[in-house]
Amino acid sequence: MSTTSDPRTAQADAFLAAAGFADARREPLAGDASTRAYVRLHRPDGSTAVFMDAPPAAETTPAGPEATPEDRARLGYNALTRLSAGRLDAFAAVADFFRGRGFSAPEVYAFDTAQGFAVLEDLGGGLYARLIERGTDPEPLYEAAVDVQAALHAEPPPAWLEAASGARWPVLTYDALALKTYCDMFLEWWPRYAATYTDFAPFTAEAAAEWQALTAPIRERAEAGAAVLAHRDYHAENLVWLPEREGLARVGLLDFQDAVRAHPAWDLLHLLQDARRDVAPELEAAMLDRYLGARCAEVERETFLADYRALAALNATRILGPIFARQVVGFGKRRYVGFMPRTWRYLERNLAHSDLAPLRAWFDRHVPVETRP
């Protein structure tokens, strides 16, 4: 047990003791941009598990399925953007849904939503990102990840996810309001970041109005096409290679508590236009072909690819503004600066298509190339 007087640590000690992990050695694991922290638990018998610490007080309240736009605005960021606020009942419900369909989500050994603690199955250290950095051929990894997507999209999601533990969570739609919230934050945060290294002025009212007019149809297409359960953060830092398992179970899934009903392009564009690592255009094209080949009976190719490009462009602005720029300017996390040039390259690749020419022209006028990282 800890000797610290910190109340949160004492609560964690008590939770772990009740869950049967009082004697486990604790090894802190690398975190991310969220408010969660992770610790690997090593038991005397050699077995391991993962402790998740997700403080509820660090998050604004999520929205329920009956929340109006006005309700969501009053509740704040998580409600507006359809995030789960790190709720562990959301994690447990999504995990059971995935596991029930043969996917490798961690088993939840114990959790306490009120305190924000959970003990999870340890899927090991085979993160896609680390394997690729060490020279593993990415193609078989991405093929397996795309196959998981095609299988997950084969059935429509239910309105609610329910776990054997009693956890229950609604499957909300990643809608136009959520995307507008993110897009508007690009208008706020990009000028604040760009002004730190160049003479960049805030966007004018006219530029902002034009932005709304150009992005609104894309947001509406995203909501209209929301027909599948999306992991929502599906990329190489949240996928674990489990070669000892078979078929779809070879891909371990992490960090899925924000799952929503969304357009089927969302998870694919996160995987194939990964803000944290380069994905070759040839690999991206091959994986899109693989997905579309698996779903050719349900998905019209050219319509899907047009939606994919448009949503990927929108997602790049979501990453550049409220995620990267905000982390740097608002919280002093300079490591995100190194990710920005890659995200701009992805954005420019999407905008190069003729169907996005008006949006490309907006960027050329209001975010000239010489002001981009």
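Which residues in α8 and α11 meet? W211, T215, I218, R219, R221 and A222 in α8 meet A306, D307, A310, L311, L314 and T317 in α11.

## Basis of the model

This is a predicted model, in which local features need pLDDT of at least 70 and side-chain atom pairs count only at pLDDT 80 or more, while totals for chains, interfaces and linings use all residues. Residues are numbered from 1 along each chain as its sequence is written, and side-chain values use heavy atoms, with hydrogens and water left out.

## Helix α8 and its partners

α8 and α11 pack at an angle of about 125°, with their axes 10 Å apart (axes are lines fitted to C-alpha atoms, for helices over the stretch in contact, and angles run from 0 to 180 degrees between N-to-C directions). That makes α8 oblique to α11, where angles under 35 degrees count as roughly parallel, over 145 as roughly antiparallel, 65 to 115 as roughly perpendicular and the rest as oblique. Their contact (heavy atoms within 4.5 Å) has 7 nonpolar, 2 polar and 3 charged residues; here Ala, Val, Leu, Ile, Met, Phe, Trp, Tyr, Cys and Pro count as nonpolar, Asp, Glu, Lys and Arg as charged, and the others, Gly among them, as polar.

Helix α8 (residues 205–224) also meets helix α13 (residues 357–366), their axes coming within 10 Å and crossing at roughly 155°, and the two are therefore roughly antiparallel to each other. On the α8 side the contact is made by A207, E210, W211, L214, T215 and I218, and on the α13 side by P358, L359, W362, F363, R365 and H366. These residues divide into 8 nonpolar, 2 polar and 2 charged.

## Helices α12 and α13

The axes of α12 and α13 come within 9 Å and cross at roughly 135°, which makes α12 oblique to α13. W344, L347 and L351 of α12 make the contact with L359, R360 and F363 of α13, and by class this contact has 5 nonpolar, no polar and 1 charged residues.

## The second largest pocket

The second largest pocket is lined by 14 residues, of which E284, A285, L288, Y308 and H353 lie nearest its centre. A pocket is, on a 1 Å grid over the protein atoms alone, an open set of points where a 1.4 Å probe fits, with protein on both sides within 12 Å along at least five of seven lines, and lining residues have an atom within 4 Å of a point.

α10 (281–294), α11 (301–331) and α12 (340–351) each supply at least two residues of this lining (helices are DSSP runs of H or I, at least four residues, numbered from the N terminus). The largest share, 6 residues, comes from α10, and the residues of the lining divide into 6 nonpolar, 3 polar and 5 charged.
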